Amino acid sequence: MLDLPDNITTSPRGTLVVCEDNTDNNYIRGLSGEGKLFNIALNPTNDEFAGSTFSRGGRTLFVNIQASRGRTFAIWGPWHEIGV
């Protein structure tokens, strides 16, 4: 079950990448075309993930953590190994 999803992007292979905006453990989750929901990353702080997007070639997922100072992360694949 998703927990307050509010930012969504699509991987080059069609998987939805969803950022959660919860008051507790915030996840980036994948949602396959077949409806399979799985975890991609966990932020155990109360700061939400936001603004995810893939690089042009689809190898890098950029995602922000909305916090007092803000942070941007680059997460590298290979994404196909986890179904993204």
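Predicted model: local features only at pLDDT ≥ 70, side-chain atom pairs only at ≥ 80, totals over all residues.

**Exercise 1.** Determine how many salt bridges a search of the whole structure finds, and which side chains take part.

*Solution.* Step 2: The criterion requires a side-chain nitrogen of Lys or Arg within 4 Å of a carboxyl oxygen of Asp or Glu. Step 3: Arg-29 and Glu-20 meet through their side chains, with an N to O distance of 2.7 Å. Step 4: Both Arg-29 and Glu-20 are buried.

**Exercise 2.** Describe the pairing of E6 with E7 and the turn that joins them.

*Solution.* Step 1: Strand E6 (residues 60–66) pairs with E7 over six bridges in the antiparallel sense. Step 2: Thr-60 stands opposite Trp-76 in E7, and Ile-65 stands opposite Arg-71 in E7. Step 3: The two strands, E6 and E7, form a hairpin with four residues between them. Step 4: Within the turn, Gly-70 has a positive phi of about 70°.

**Exercise 3.** Identify the residues of the largest nonpolar core and the elements that supply two or more of them.

*Solution.* Step 1: The largest nonpolar core has twelve residues: Val-17, Cys-19, Ile-28, Phe-38, Ile-40, Phe-49, Phe-54, Leu-61, Val-63, Ile-65, Trp-79 and Val-84. Step 2: Two or more residues come from each of strand E2 (16–20), strand E4 (37–43), E5 and E6. Step 3: E6 gives the largest share of this core, three residues. Step 4: For Trp-79, not counting residues up to four places away in sequence, the contacts include Ile-40, Phe-54, Leu-61 and Val-84. Arg-13, Gly-58, Arg-59 and Thr-60 are also among the residues that Trp-79 touches.

**Exercise 4.** Decide whether Thr-9 is buried or exposed, and state which residues Thr-9 touches.

*Solution.* Step 1: Thr-9 is found in strand E1 (residues 5–10). Step 2: A residue counts as buried under 20% relative accessible area. Step 3: Thr-9 has 15% relative accessibility and therefore counts as buried. Step 4: Not counting residues up to four places away in sequence, Thr-9 touches Thr-15, Leu-16, Val-17, Ser-52, Thr-53 and Phe-54.

Conventions:
Residues numbered from 1 in each chain as written. Heavy atoms only, no water. Pairing = 2+ DSSP bridges. Core = buried A, V, L, I, M, F, W, Y, C linked by side-chain atoms within 4.5 Å. Buried < 20%, exposed > 50% of the residue type's maximum accessible area, 1.4 Å probe, protein only. Contact = heavy atoms within 4.5 Å.
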